[in-house]
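This briefing sets out selected geometric features of one structure, grouped by topic. The sequence and the coordinates are shown first, and the notes follow.

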Amino acid sequence: MSYRHFGRIGDIWKHIPLCEFLAIEKPTRYIETNSAFPQYQLTGSFEQQYGILHIEKNIKKSQRIEQSVYWKLLSNIPENRNGVSKYLGSPALALNILGDSAKEFVFFDIEEACLKEIAEYAKKKNLATKTNCLNQDSVDGLINMVEELGSQDFIHVDPYFIYKKNANNNSYYDAFCLGMKKGARGMLWYGFNTVQEREVLQNVVRSQTDNSGQTRLQGIEIMSILLDENTLDVNPGVLGCGILIGNLSQHSRQSFQEMAQEVIKIYRDSTMFNKYPGELKFEEFEIQI
Ligand SMILES: C[S@@+](CC[C@H](N)C(=O)[O-])C[C@H]1O[C@@H](n2cnc3c(N)ncnc32)[C@H](O)[C@@H]1O
């Protein structure tokens with residue numbers, strides 16, 4: 001299985017806001033560029049203990065997260081009745097949240113095995129006829145769809161390297177910005193492990209800034225309070241990650257900020273790998289493209 005990060009901290013600061021956005025925005029079409037699998041069996045690893053299992057243990061610290069679309073969905077699946085053992089990837093989250101209201105789901109991945117499982121999952125949910133699984137490079141795939149994109153769409157872009165150019169000299173960040181300029185709604189996720197990596201990403205994001213541009217993107221990065229120290233000999237998956245959103249409603253934007261504050265609250269006084277302070281901090285930014 002190629003995606004090993006399921007249920008880790010990076011998934012927390014991706015799936016909690018994603019679920020809120022989908023429930024609020026109710027797009028007609030959901031397009032995911034990097035889908036991976038619909039569901040996973042948790043192993044109880046240190047990384048997951050600092051991720052979803054930390055959320056589970058500390059859920060009472062945040063009524064807002066306890067009431068969130070994400071937590072309700074995850075805690076209510078039958079396999080998790082006696083504690084969370086099954087984790088849902090973003091394709092399953094989207095299919096569950098938008099099932100009846102969406103007209104179409106488009107899932108890209110270069111791995112056939114992921115798409116096969118998504119198709120099976122969609123079939124079980126009676127959503128097979130609305131679900132399109134595309135086994136191809138999604139940078140070009142998304143760019144090829146740009147002309148037909150609009151406010152009815154929600155694009156979820158979740159690669160690791162947002163700025164790596166493909167053979168046609170396009171990156172995920174380029175594709176995301178083109179989609180946002182066409183008025184599609186969406187979110188882009190990126191991760192980093194050092195201050196330097198974060199700086200590179202911030203420069204990439206800001207490289208598209210256009211002060212006369214009509215589209216505003218809002219970002220929130222969540223990171224370990226130890227990111228600046230460079231002293232850790234463990235890694236929970238990522239030490240920091242950011243989400244950039246565009247064309248979402250005021251309600252979603254407010255929810256985005258609230259969720260960041262609540263995630264910080266749930267990690268207060270926490271430890272990472274029983275060894276280091278696990279506390280998180282966050283930073284917000286906005287750009288115009
Ligand atoms: C970070 S995981 C996605 C996790 C998932 N979005 C979630 O939140 O549960 C990345 C996925 O991207 C896929 N991938 C990598 N490069 C790709 C490309 N060029 N086009 C489409 N999919 C790609 C990988 O096969 C992998 O399944």
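Where is the place of phenylalanine 273? Phenylalanine 273 sits in the loop between β10 (271-272) and β11 (276-277), where strands are DSSP runs of E with at least two residues and helices are runs of H or I with at least four, both numbered from the N terminus. This is a predicted model, in which local features need pLDDT of at least 70 and side-chain atom pairs count only at pLDDT 80 or more, whereas totals for chains, interfaces and linings use all residues. Residue numbers start from 1 along each chain as its sequence is written.

**Ligand surroundings**

- The ligand is surrounded by 18 residues, and the closest are Asn34, Ala36, Gly89, Ser90 and Ser138; a residue is near a molecule if its C-beta atom, placed from the backbone, lies within 6 Å of it.
- This shell comprises seven nonpolar, six polar and five charged residues. Here Ala, Val, Leu, Ile, Met, Phe, Trp, Tyr, Cys and Pro count as nonpolar, Asp, Glu, Lys and Arg as charged, and the others, Gly among them, as polar.

- Alanine 36 is in the loop between β1 (29-32) and β2 (39-41), and its phi is near 60°, a positive value in a residue other than glycine.
- Alanine 36 counts as buried because it has 24 C-beta neighbours inside 10 Å. The classes are buried for 20 or more other C-beta atoms within 10 Å of a residue's own, exposed for 12 or fewer, and partly exposed in between, with C-beta atoms placed from the backbone.
- Phenylalanine 273 is not a glycine, yet it has a positive phi of about 55°; with 15 C-beta neighbours inside 10 Å, it counts as partly exposed.

- Helix α1 (residues 9-25) has 17 residues, which at 1.5 Å a residue should span 24 Å, and its end C-alpha atoms are 24 Å apart, in agreement. The expected span is 1.5 Å times one less than the number of residues.
- Of the 17 residues of α1, 14 are buried, so the helix is largely enclosed by the rest of the structure.
- α1 packs against helix α6 (residues 90-98) at an angle of about 25°, with the axes 10 Å apart. Axes are lines fitted to C-alpha atoms, for helices over the stretch in contact, and angles run from 0 to 180 degrees between N-to-C directions.
- That angle makes α1 roughly parallel to α6; the term applies to angles under 35 degrees.
- The axes of α6 and helix α7 (residues 112-124) come within 10 Å and cross at roughly 20°, and these two helices are therefore roughly parallel to each other.
- The crossing of α1 and α6 is right-handed, and the crossing of α6 and α7 is right-handed; in this sense the near helix is turned clockwise from the far one by less than a right angle.

**Residue pairs separated in sequence**

- Glutamate 258, in helix α11 (residues 250-266), counts as partly exposed with 16 C-beta neighbours inside 10 Å. Its C-alpha atom is separated by 9.6 Å from that of isoleucine 65, 193 residues apart along the chain.
- Leucine 201 belongs to helix α10 (residues 195-207) and is buried, with 21 other C-beta atoms within 10 Å. Leucine 201 and asparagine 144 are 57 residues apart in sequence, and their C-alpha atoms are 25 Å apart.

Conventions
Parallel < 35°, antiparallel > 145°, perpendicular 65-115°, else oblique.
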